[in-house]
Amino acid sequence: TSLKQFNELYERAISDSVEAQMPAKRIKNILEHMTYAIYIFIQRGLFERHKLTFALMLTNKILLSANSLSPELVSIFLKGGGSLDINSVRKKPKEWIPDKGWLDMVALSQHNTFSDLLESVYRNNGLWRQWYDQEAPEEINIPDFEEQITPFERMCLVKSLREDRTLVAAQSYIADAIGQKFVDSVPLNMEATWGESTPLVPLVCLLSPGSDPTKLIEELAKRKKIKVLGVSMGQGQETIARKFMTTGTIEGQWVLLQNTHLGLAYLSEVETYLSKAEGVHAEFRLWITAEPHRLFPIGLLQMSIKITNEAPVGMRAGLRNSYAWVTQDMLDVVGRYEWRQLLFVMCFLHSTVQERRKFGPIGWNVPYEFNQSDLSACVQFLQNHLMEM
């Protein structure tokens, strides 16, 4: 994200945030609005596996700036007992405790809140073993420490013994510190994203297996009644791309450069073109799809709006994502009362099969992504079938 984009978000926060008579309240409203606006702007360009980590980093930074969180405890959370040697610290009481977990607990015991942690494990070994064996230990009372720890300290303890549950514990910590909305999945709103762009601000769609935004872009263009000039980049496609760029900037059409990781050399030319362009049609937009690549021009990346379109994690998030795609026109296209019920069933089934992917071979014998195009095709088939009845 560039300084220019940050300044635009800052100015927008001042104009869009709730007004108040008291200066302190007004500043608080601006800060809250701007924090969430920046979060949405950044997380829109992150893959699902990185979004919660970013929210955690943001939360830590906010609390550290407000002196509500100890820098020493954050350091222990990040580093753990990585610098300690299992042979040079106090011997762990039982073999069920992993060596790494015990070293992390030793490091954590250096903090005032957990000064009695190691003694507690020795005294109440059975209770700690029960807590360790729980499927969701972050939701269970912690032996000896339940009444005296903060959500962040709970997360530190979970990370020490049950590192696999750290991000789950982080969700509770983030929600408690800055709000549940920073944890909830936010469906991609392509129209709102387009509304933030300008003719000289390209929209870069980062590709991942099974996520192709082409259909969403074409559907948006259809609603806006704008023609899309698309070309899949590769050897020898630069000539066509240059022609489309010239036509698009003059006539106000959209240009879609697909798979640009196969033609990175041309992107440097695009960056120069946009930085020097004059008299560009107000309706022109440049859409770029590319897989993450270390040679992608950093200047072009900084001036652009980044977008990812992965399937969200969880049934609730999956249904919200599917419903964000459903429009009122789609609901009204079939007059039969069963249509809306079947549409819900289709979205629910789509979310279910997407969730099954995380089980790998256990979920499906043949790897398949079940992306937005599959849902669209199924809904179209269902619509045609009902209209024929």
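Is Phe344 buried, partly exposed or exposed? Hold that question for a moment.

First, some ground rules. This is a predicted model, where local features need pLDDT of at least 70, side-chain atom pairs count only at pLDDT 80 or more, and totals for chains, interfaces and linings use all residues. Residues are numbered from 1 along each chain as its sequence is written, and side-chain values use heavy atoms, with hydrogens and water left out.

Back to Phe344. Its relative accessibility is 39%, so Phe344 counts as partly exposed. The scale is this: buried is under 20% relative accessible area, exposed is over 50%, and partly exposed is in between, with a 1.4 Å probe and protein chains only. Phe348 is partly exposed too, at 38%.

These two are a ring pair. Rings of Phe, Tyr and Trp (for Trp, the six-membered ring) pair if their centres lie within 6.5 Å; planes under 30 degrees apart are stacked, over 60 edge-to-face, and the rest tilted. Phe344 and Phe348 are tilted, with 6.0 Å centre to centre and 40 degrees between the planes. They sit four residues apart in helix H17, so about one helical turn separates them. Helices here are DSSP runs of H or I, at least four residues, numbered from the N terminus.

Now another pair. Trp128 and Trp131 both lie in helix H7, residues 125-133, three residues apart. Their ring centres are 5.9 Å apart and their planes at 80 degrees, so this pair is edge-to-face. Trp128 is buried at 0% relative accessibility. Trp131 is buried at 2%.

The count comes to 14 aromatic pairs. Ring pairs also link Tyr36, Tyr39, Phe54 and Phe182 into a cluster.

Next, pockets. A pocket is an open set of points on a 1 Å grid over the protein atoms alone, where a 1.4 Å probe fits, with protein on both sides within 12 Å along at least five of seven lines; lining residues have an atom within 4 Å of a point. Volume is the space filled by probe spheres set on the points, which are joined across faces, edges and corners.

The largest pocket holds about 1,100 Å³. It has 44 lining residues, and Glu48, Ala311, Pro312, Val313 and Gly314 lie nearest its centre.

Technical notes. Helix = DSSP H or I, 4+ residues; strand = E, 2+ residues; numbered from the N terminus.
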